[in-house]
Amino acid sequence: MRTTWEALHRSLVRSTESLNAHRIFEEIKESKPELARFDAPTSLLDLLHGEDGDLDDKDLVLRALVELAQGRGETADLARDLLWLGLWPGLDAIYRRHLRHFGERPEELVSEVGARFTDAVARADLGRIRRVAATLVRNTEREVRAGERRTWDAEARRSELPKGDELADGDHLSPAGYARRPTGVSDLGLPPGMEPEDQLAAIRAFVAEVVGDDADLVIGAAVYGVSQRELAERLGLTHEAARKRFQRALARLRRHVEGER
């Protein structure tokens, strides 16, 4: 399932090692003094991938590449390819973390990561960024997650909500259950006025701390309304296994919440 992703990596490597890339790199070095010390694109990547390099030094190189990538023409294309390869470990981690949500459609995730990373580079405001690598990777994953949430919401609107037996013992997680709670800080410790995205992140962190890897089952069914059958398919489980794990996770959450009261 990683074939398409790995093919992208091979294509980027070939592109930066071509004779034309070396010619363009020489032109880049003339306009960007920060890159003049590198004899070839590969030596620049060696610095970015090295564990012992100075972070400030790497940041100067990445800033120069982002400035070039935000332009046009061959120099921009090569700069974007170098950013891809230079930040590949972080982008690869995003791909691996989100692959299970795409089932048998890994090529869609490749396109999604590519589009979000390209947009993150184009929108990067270097005047406000302290660490280029961390910011670009973090912004890419944030937008990939946002895209997944939009997909889940659309699918939930097109399909029926989980049946009653699928959400057994889960009423306390429903919006109706929370409507009876007093205003102010919630049972999960969420202060009033939090942005929805921050609320969801905090809830997921709480759920994951209690039920571990089954957090996606709980969040997917209880928050997004995705059926357990669909969740089972996404997570590579049988429907029966997903149902049992969901019920066990809910029981653990209930014991945890009731134990804190």
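Tyr 95 has a relative accessible area of 0%, and because buried means under 20%, Tyr 95 counts as buried. The model in which this value was computed is a predicted one. Trp 5 is likewise assigned to the buried class, at 0% relative accessibility.

Five aromatic pairs are found when the whole structure is searched. One of them joins Trp 5 to Tyr 95, whose rings are stacked, with 4.5 Å from centre to centre and 0° between the planes. Distant parts of the chain are linked by this pair: Trp 5 belongs to helix α1 (residues 3-17) and Tyr 95 to helix α6 (residues 88-98), and the two lie 90 residues apart. Trp 84 and Trp 88 make up another aromatic pair, this one tilted, with a centre-to-centre distance of 6.1 Å and an angle of 45° between the planes. Both Trp 84 and Trp 88 are buried. Through ring pairs, Trp 5, Trp 84, Trp 88, Tyr 95 and Phe 117 are connected into a cluster.

Helix α1 packs with helix α7 (residues 106-123), their axes coming within 8 Å and crossing at roughly 40°. Angles of 65 to 115 degrees count as roughly perpendicular and those under 35 degrees as roughly parallel, so α1 and α7 are oblique to each other. On the α1 side, the contact is made by Thr 4, Trp 5 and Leu 8; on the α7 side, by Glu 107, Val 110 and Val 113. Sorted by class, the residues in this contact of α1 with α7 are four nonpolar, one polar and one charged.

A further helix pair remains to be described. Helix α2 (residues 19-31) packs with helix α5 (residues 73-86) at an angle of about 100°, and their axes are 10 Å apart. With that angle, α2 is roughly perpendicular to α5. From α2, the residues Asn 20, Ala 21, Arg 23, Ile 24, Phe 25, Glu 27 and Ile 28 take part, meeting Glu 74, Thr 75, Leu 78 and Leu 82 of α5. The contact of α2 with α5 comprises six nonpolar, two polar and three charged residues.

Definitions and conventions
Residues numbered from 1 in each chain as written. Predicted model: local features only at pLDDT ≥ 70, side-chain atom pairs only at ≥ 80, totals over all residues. Heavy atoms only, no water. Axes fitted to C-alpha atoms, helices over the stretch in contact; angles between N-to-C directions. Helix = DSSP H or I, 4+ residues; strand = E, 2+ residues; numbered from the N terminus. Parallel < 35°, antiparallel > 145°, perpendicular 65-115°, else oblique. Contact = heavy atoms within 4.5 Å. Nonpolar A, V, L, I, M, F, W, Y, C, P; charged D, E, K, R; others polar. Phe/Tyr/Trp six-rings, centres within 6.5 Å; stacked < 30°, edge-to-face > 60°. Buried < 20%, exposed > 50% of the residue type's maximum accessible area, 1.4 Å probe, protein only.
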